[in-house]
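Here is a short note to read alongside the model. Keep the structure open and find each residue as it comes up.

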Amino acid sequence: MRVALGIEYNGARYSGWQRQSHVNSVQQEVETALSQICNHAVEVVCAGRTDAGVHGTGQVVHFDTHAAREMVAFTMGMNTLLPKDIAVRFAQPVSDDFHARFSATARRYRYVIYNYTYRGAIMGEGLTHFHHPLDEHKMQEACQYLIGEHDFTSFRALHCQANTAHRTIHHLSVVRQGNYVIIDIKANAFLHHMVRNISGCLMDIGLHKQQPIWLKELLDLKERAKASATAKAAGLYLVDVDYPAHCQIPKTPLGPIFLAD
């Protein structure tokens with residue numbers, strides 16, 4: 001049987017999603033709990049590997065098991081075994097040809113900035129604090145230049161291993177809710193650090209260090225060194241993954257919980 005799970009996690013104390021030999025990861029915790037439920041070793045495949053300190057409200061994984069279990073074992077049972085900062089949001093039987101990564105048609109991230117003079121205490125690990133005032137209107141104006149298919153070389157990590165820098169951004173917006181500035185981005189796929197690099201550039205535009213047209217100039221330059229520094233990991237969330245309707249993957253609220261969908 002192949003099963004898909006929806007996973008939510010606070011990535012603050014993990015060295016990213018992917019299992020590693022000498023540090024703790026979200027994948028390791030999920031697989032340890034699943035192996036107890038199934039009574040055999042289980043490996044999971046995720047929709048998108050997140051970096052150290054990055055969070056997820058909409059991560060999707062799949063795994064195979066020969067154990068006969070009700071889906072409640074993979075929701076309530078898993079949530080009993082998992083650490084408090086990782087939770088299962090849904091469990092869904094899927095066809096054998098479903099693949100959490102390769103069946104996905106798009107992924108969506110949100111970058112959440114607490115834009116206030118002084119840092120906050122609540123959700124401190126889940127936000128990026130930025131004390132200089134940001135002009136969200138200028139940031140939103142800049143978004144238009146990145147929508148569509150482009151070569152995102154200027155926005156990829158130098159050690160990114162993707163074969164091509166071409167990606168298609170379906171949606172990119174910046175909104176303010178009180179002291180929170182939220183960057184919302186959806187694309188067919190992302191390069192390593194692409195969202196955080198775009199966020200860093202948008203923040204410089206919000207500071208009036210650059211004009212909105214600068215994003216188009218960066219696209220044309222295709223030079224990572226010309227762009228802004230990579231934004232911190234703390235404010236980044238993988239909030240949704242799209243699949244074809246026939247996959248029957250449930251949709252859950254995007255999150256983080258205080259943000260409207």
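This is a predicted model: local features need pLDDT of at least 70, side-chain atom pairs count only at pLDDT 80 or more; totals for chains, interfaces and linings use all residues.

1. **The largest pocket.** The largest pocket holds about 1,100 Å³. It is lined by 35 residues, and the closest to its centre are Gly48, Arg49, Arg101, Phe190 and His192. Strand 2 (45–46), strand 5 (106–114) and helix 4 (194–206) each give two or more residues to this lining. Helix 4 has the largest share, with three residues. Sorted by class, the lining has 17 nonpolar, 12 polar and six charged residues.

2. **The second largest pocket.** Here the space is about 360 Å³. The lining has 22 residues, and Glu8, Thr57, Met123, Tyr237 and Pro256 are the closest to the centre. At least two lining residues come from each of strand 1 (2–9), strand 3 (55–64) and strand 4 (86–94). The classes are 10 nonpolar, seven polar and five charged.

3. **The largest nonpolar core.** Now turn to the packed side chains. In soluble globular proteins, nonpolar side chains tend to be buried together. The largest nonpolar core in this model has 52 residues. Phe98, Leu146, Phe155, Ile169, Leu202, Leu215 and Tyr243 have the most contacts inside it. Several elements give this core two or more residues, including helix 3 (136–143), strand 8 (166–177), strand 9 (180–187), helix 5 (214–221) and strand 10 (236–242). Which element gives the largest share? Helix 4 does, with seven residues.

4. **Leu202 as an example.** Set aside its neighbours within four places in sequence. Leu202 is then in contact with Met139, Ala142, Cys143, Val174, Ile183 and Leu215.

5. **Aromatic pairs.** How many aromatic pairs does a search of the whole structure find? The search finds eight. Take Tyr9 and Trp17. Their ring centres are 5.7 Å apart and their planes stand at 45 degrees, so this pair is tilted. Tyr9 has a relative accessible area of 4%, so Tyr9 is buried. Trp17 is buried too, at 1%.

6. Next, look at Phe98 and Tyr243. The ring centres lie 5.1 Å apart and the planes are at 55 degrees, so this pair is also tilted. Phe98 sits in the loop between strand 4 and strand 5, while Tyr243 is in the segment after strand 10. The two residues are 145 residues apart, and the pair links distant parts of the chain. Both are buried. Recall that Phe98 and Tyr243 are also listed among the residues with the most contacts inside the largest core.

7. **A tyrosine cluster.** Some rings are joined into a group. Tyr114, Tyr116, Tyr118 and Tyr180 form a cluster linked by ring pairs.

8. **Helix 2.** In helix 2 (residues 71–81), Met71, Ala73, Phe74, Thr75 and Met78 are buried. What do the buried residues of helix 2 pack against? Their partners are strand 1, helix 1 (26–38), strand 3 and strand 4.

Terms used: Residues are numbered from 1 along each chain as its sequence is written. Side-chain values use heavy atoms; hydrogens and water are left out. On a 1 Å grid over the protein atoms alone, a cavity is a set of points where a 1.4 Å probe fits but cannot get out, and a pocket is an open set with protein on both sides within 12 Å along at least five of seven lines; lining residues have an atom within 4 Å of a point. Grid points are joined across faces, edges and corners, and a volume is the space filled by probe spheres set on the points. Helices (H or I, at least four residues) and strands (E, at least two) are DSSP runs, numbered from the N terminus. Ala, Val, Leu, Ile, Met, Phe, Trp, Tyr, Cys and Pro count as nonpolar, Asp, Glu, Lys and Arg as charged, and the others, Gly among them, as polar. A nonpolar core is a set of buried Ala, Val, Leu, Ile, Met, Phe, Trp, Tyr and Cys residues joined through side-chain atoms within 4.5 Å. Buried means under 20% relative accessible area, exposed over 50%, partly exposed in between (1.4 Å probe, protein chains only). Contact means heavy atoms within 4.5 Å. Rings of Phe, Tyr and Trp (its six-membered ring) pair if their centres lie within 6.5 Å; planes under 30 degrees apart count as stacked, over 60 as edge-to-face and the rest as tilted.
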